[in-house]
Every structure is written in C-alpha cells, then in structure tokens.
Amino acid sequence: MGNEGDAAAVDVRLGARLAELRAERGWTLGELAERSGISRSTLSRAERAEISPTASLLNRLCHVYGRTMSHLLSEVERESALLVRAADQRVWTDQASGFVRRSVSPPHSGLRGELVEGRLAADADIAYDRPPVPGLEQHIWVLDGRLDVTAQDTEHHLGAGDCLRLRVWGPTRFRCPGPEDARYALAVVLP
C-alpha cells in the first residue's frame, strides 16, 4: 500500500474480516478477549478500524483463528494470482514497531508456502507470544543489515547472507540491533 488512503482502506477491510471471523464462531468480544488476551475495547476498535492493529495483536488473533498473518491479510485482498508483479505485492506497515511486511508471494489455495519480505527499522523490536499456527516452518534469510531472532529461548545473531530455519512452537522475537535497518526474506510453510 503506497499511501495512507490505501492503508486506511486495508484497515477497514481487515476490521470487517476480523468481525466476520468472530461472528462465524459465535463469540462475543468478551469471549475473544479471553481467548486472545487482548482487551475487549482494543478488539472492538480494531474491528471498527478505529486503530491499525500491530503485528503482535494480529499474531495473537491469527493464533486464535488458526491462520498465518499472510493468510489473514490475503483474505482482505482480491484473489491471489500465480504471478505477482512487484507493483502488485501488498505492503503492510506496523507504525508502532517500525516493521514493514511485503507479501512477495501471498498465500494461495492449495499451496502451503509463501514468501515475505520483512524490514525492521534500527532498534525495532517485535515479540510474538505464540506462533499463529503451532509448528509453523520458517526460513529467515537476512538480505541487508543485522537481525537478532530469539526462538525456543535461544538468541540467534544473523548478518547479511545468514539464514536461520526453524519450526515455531512458542514465543519468538525479532530485533534489529542497528545501526542500519534490517531487510530479510521470510519463507513460511504451513505444517
């Protein structure tokens, strides 16, 4: 999404989809708050697109709904094509954390893998308390800068060209120690 208008439109569609997912399960905001650990007021504001959800918040909701973040974001966009031109790759920004996520090859029905480009600003730090899907396979290839990734209580210090592969079962943390921003490719494969 290149501009603020596009980002606001995505937030509106995302909020509507989050409300649909909750309604499909017959949950109240209170029940979803209990399941996700997110306050009722924050959930309500996200569903009404009064706030732009953070990566951490979306990750918690994805866990509850059993889908990856890419899958959730793809549900608010048009059907994914087999060929995705650079100009058509969707970008989502978490302003609060300094995280920019480009869906290079978004999820597609019948396929288990996807490719994402992540950018973290220097000193940015994102912690996920759980994977969106337990056992999710990730391959993290640092293209520029440095990236510290913590998974299963082990911290990995990655530089340009390094690749970390793992299955995600618990909390993870992505931190860019700087001094420059980090850019990395993330291959995600559903279990």
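## Strands and the main cavity

A strand here is a DSSP run of E with at least two residues, numbered from the N terminus. With that in hand, let's look inside this predicted model. Strand β3 gives 4 residues to the lining of the largest cavity, the largest share of that lining.

This cavity has a volume of about 320 Å³. Its lining is made up of 23 residues, and Asn59, Met69, Tyr128, Gln138 and Leu186 lie nearest the centre. Several elements each supply at least two lining residues: α5 (69–74), β2 (99–105), β3 (113–120), β4 (125–128), β5 (136–144), β9 (172–175) and β10 (182–189). Sorted by class, the lining holds 13 nonpolar, 6 polar and 4 charged residues.

How many cavities of 30 Å³ or more does the structure hold? There are 2.

## The nonpolar core

Now for the core. The largest nonpolar core has 44 residues, and Ile140 and Leu147 touch the most other members. Helix α4 (residues 55–65) brings the largest share of this core, 7 residues.

Leaving aside residues up to four places away in sequence, Leu147 touches Leu120, Ile140, Val142, His156, His157, Leu158, Phe174, Arg175, Pro177, Ala182 and Tyr184.

How values were computed. Residues are numbered from 1 along each chain as its sequence is written. This is a predicted model: local features need pLDDT of at least 70, side-chain atom pairs count only at pLDDT 80 or more; totals for chains, interfaces and linings use all residues. Side-chain values use heavy atoms; hydrogens and water are left out. A nonpolar core is a set of buried Ala, Val, Leu, Ile, Met, Phe, Trp, Tyr and Cys residues joined through side-chain atoms within 4.5 Å. Buried means under 20% relative accessible area, exposed over 50%, partly exposed in between (1.4 Å probe, protein chains only). Contact means heavy atoms within 4.5 Å. On a 1 Å grid over the protein atoms alone, a cavity is a set of points where a 1.4 Å probe fits but cannot get out, and a pocket is an open set with protein on both sides within 12 Å along at least five of seven lines; lining residues have an atom within 4 Å of a point. Grid points are joined across faces, edges and corners, and a volume is the space filled by probe spheres set on the points. Ala, Val, Leu, Ile, Met, Phe, Trp, Tyr, Cys and Pro count as nonpolar, Asp, Glu, Lys and Arg as charged, and the others, Gly among them, as polar.
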